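Open the model in your viewer and keep the selection panel at hand. The tour goes stop by stop.

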Amino acid sequence: MLTFLKGCWRLVSRGSRWYYAWLALLGLMIAVGLAGYARQSSRGLIATSMRDQVSWGFYIGNFTFLVGVAAAAVLLVVPAYVYQWKPIKEVVVLGEMLAISALVMCLLYILVDTGSPLNLWHIFPFVGSPNFPYSMLVWDAVVLNGYLLINATVVVHILYKLFHGQEYNRMVVVPLVLLSIPWAVGIHTVTAFLYNGMAARPYWNASILAPRFIASAFCSGPAILLVLFQVLRRTTRFPISDEAISKVAELMAYAMFFNLFLLGAEIFKEFYSGTEHVVFTQYLYFGLHGHRAVAPFAWIAVACSVAAFLLFVIPRSRRNPVTLNLGCGLIFAGVFIEKGMGLVIPGMTPDTLGEIYEYTPTMTEWMVAAGVFGIGFLIYTLLVKIAVPILEGRFQAGMAEPLPAAPEAGAA
Amino acid sequence: MRKSLPVLQGGAPGEAAAEASDLSRRDFLRTAAGAAAAAALTACDVEGMLRRHFRELSRDDVAKLLARVERDHRKRFGDKGFKVSNMAPRPGVEFAYGLDLSRCIGCRRCVYACVTENNQSRDPQIHWIRVLEMDKARGVDVMESDVYYEAEQVPRPGKFYMPVQCQQCRNPPCVKVCPVTATWKEPDGIVVVDYDWCLGCRCCMAACPYGARHFNWTTPSIAPEEVNPNIHVLGNRVRPKGVVEKCTFCIQRTRAGRYPACVEICPVGARKFGNILDAGSEIRYVMDQKRVFVFKEELNTRPHFYYFYAT
């Protein structure tokens, strides 16, 4: 155990100049985040742009988006099993490590959003008074932490076994991986229900919300993984085949179609029936009474999603690495806007009494968000840095220290 | 809160207007001192942070809690003769409220009477009552209503006014969504918040269809000479930073047999209040003799707050 930890430390503390630069950047982001959070703690959430009218904002938007990332990363496991790719366990581990990082960020976003974080223990059973089964936030806490636990168990088990030169125990990993598939759908569904169950907010109180969450998660999560796969393929000797990447891309094309279809279905219903509930969608895309802060972003999101769909649906551009990565970037941006601010803000604008308060994040919110992303990226970087040598067999029990990596390794 | 709302001179008799708007101006000037003292209040709240849920407290624990709340208030505001109570709901009492839309003139005296009675923050301003100005031609249409109307004199031609505060639902969405049961419905119909227990996640604010729940985005500031020393621990005690608060039908008054402050101040008698289980009460008279409706009935919240048109 001690040699394992020592080896891990050696792995994460050594790397190329680019690796150190990356760590320094993440350290800077975390420092900025801490400074922002210190200001928010002393002054209160008034340091954010949230007010009674729009009582959730950037933090909860990012939280929602990242739940999608966490959910979708492991959904890669489905095609992995269905299509029986060779590098199955590597895909599982990389996907689950992304899920771990995303989940940590989700929990941090909830933490920074609470007004009295010292009271967080009230949500725990026995010591606190969780409002179970009525409160969707309690459900969300249960499923997110459960998902974190499943993923952490699988990752640690596989890596530890490999470190000792053994195959992972199928009796442990296969059931957990299979469980993680419905659980992944579960975390995003419960998060959707958190909004969906609120009859006071017609924009969220639509049955299409949870399906839309899942569809967009199928787009954004794999987009991140595709880019990561290519980075790892360059920087390590990781065996990820072209076929695997193009199969994921093909599945993403279906997901993108479904995502746009559901969006279209909602837009039609809102504008054709034109009830008083149309105001929220109207605010999102066109603004209301001259308030247009969100509209440009909403259109950027639509443009990104449509462009990415076109790039992915045409086989030639899907197979070309340049257009593939462009498409990944576009769909990531599109879903980030749509499932973040594009979900939270119009849900609350206008507010329940018809008041329009235009929300735009303050500097403090950007700083805190940078810190949370910094922590998430740092966790993923360190996990990859340890996992890849183990998966490649360069770092095993009995070795005095990890073998040197392939020349360009360590840039991850 | 964007700006201070004026108390408007009504077409009906009312001399309190000038005085009240004067008060709100002075409120602004006295906030700095309050903010400094507030920091101290937060620091000594460790005891409150570690206690059990309000409804699990023993008699001794409650006594300790009341003593602590009183001590905190004395420390921050000086010896104002604070009386902190936890007066329980009385059996056979279920409060209900009636609001006569045909009488309301939109003067906002209720808004400020409520602020004074319930120790709301003066900077930033927190208002538990929001008066919506609506077009007579459109009827009750919240999406087209205006809460920031300013006028030489109210009511303005072509407009009517609809004050909205906590509707004390029988089926409260805020209670359902709270992850830590920090808010609940009392047997007499009042939805209360345990300010020491609230997490500040603001789920209840997203769930409330009436905009009735308000958040302490920063430490509330109140000048010592304006603090109401008659305090209920689930009602108008001065709130800490980072928790949600709401109208409690003036729990500190109504459980002691008095009217809510908004009922008392109303210059046109548009506000009615009483025990719905008492056949002789004012509210029962309204329900028997007038035709009442509830706000956003399609959401099935089943409010204890009724609107009616008496004339």
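Helices here are DSSP runs of H or I with at least four residues, strands are DSSP runs of E with at least two, and both are numbered from the N terminus. This is a predicted model: local features need pLDDT of at least 70, side-chain atom pairs count only at pLDDT 80 or more, and totals for chains, interfaces and linings use all residues. Residues are numbered from 1 along each chain as its sequence is written, while chains are lettered from A and ligands numbered from 1 in the order in which they are written.

**Stop 1: a cis proline in chain B.** Select B:Pro124. It sits in the loop between helix H5 (109–117) and strand E3 (130–135) of chain B. The peptide bond from B:Asp123 to B:Pro124 is cis, with omega near 0 degrees.

**Stop 2: a cis proline in chain A.** Go to A:Pro350, in the loop between helix H14 (341–348) and helix H15 (363–392) of chain A. The bond to look at runs from A:Thr349 to A:Pro350; this peptide bond is cis, with omega near 0 degrees.

**Stop 3: positive phi.** Select B:Arg202, in the loop between strand E6 (191–193) and helix H7 (203–207) of chain B. B:Arg202 is not a glycine, yet its phi is positive, about 70 degrees. Is B:Arg202 buried or exposed? A residue is buried if 20 or more other C-beta atoms, placed from the backbone, lie within 10 Å of its own, exposed if 12 or fewer, and partly exposed in between. B:Arg202 has 24 C-beta neighbours inside 10 Å, so it counts as buried.

Now pick A:His289, in the loop between helix H10 (278–286) and helix H11 (295–313) of chain A. Phi of A:His289 is positive too, near 45 degrees. A:His289 counts as exposed because it has 10 C-beta neighbours inside 10 Å.

**Stop 4: a sheet in chain B.** Show E10, E2, E12 and E11 of chain B. In that order, these 4 strands form an open sheet with mixed pairing. Strands pair if DSSP finds at least two bridges between them. Strand E10 (271–275) and strand E11 (292–293) of chain B are at the edges, each with a single partner strand, so one side of each has no neighbour in the sheet. Strand E2 (residues 95–100) and strand E12 (residues 305–308) of chain B pair in the parallel sense over 4 bridges. Find B:Asp100: opposite stands B:Phe308 in E12(B).

**Stop 5: between the chains.** Colour by chain. In contact (C-beta atoms, placed from the backbone, within 7 Å) are 37 residues of chain A and 41 residues of chain B.

Key:
Contact = placed C-beta atoms within 7 Å.
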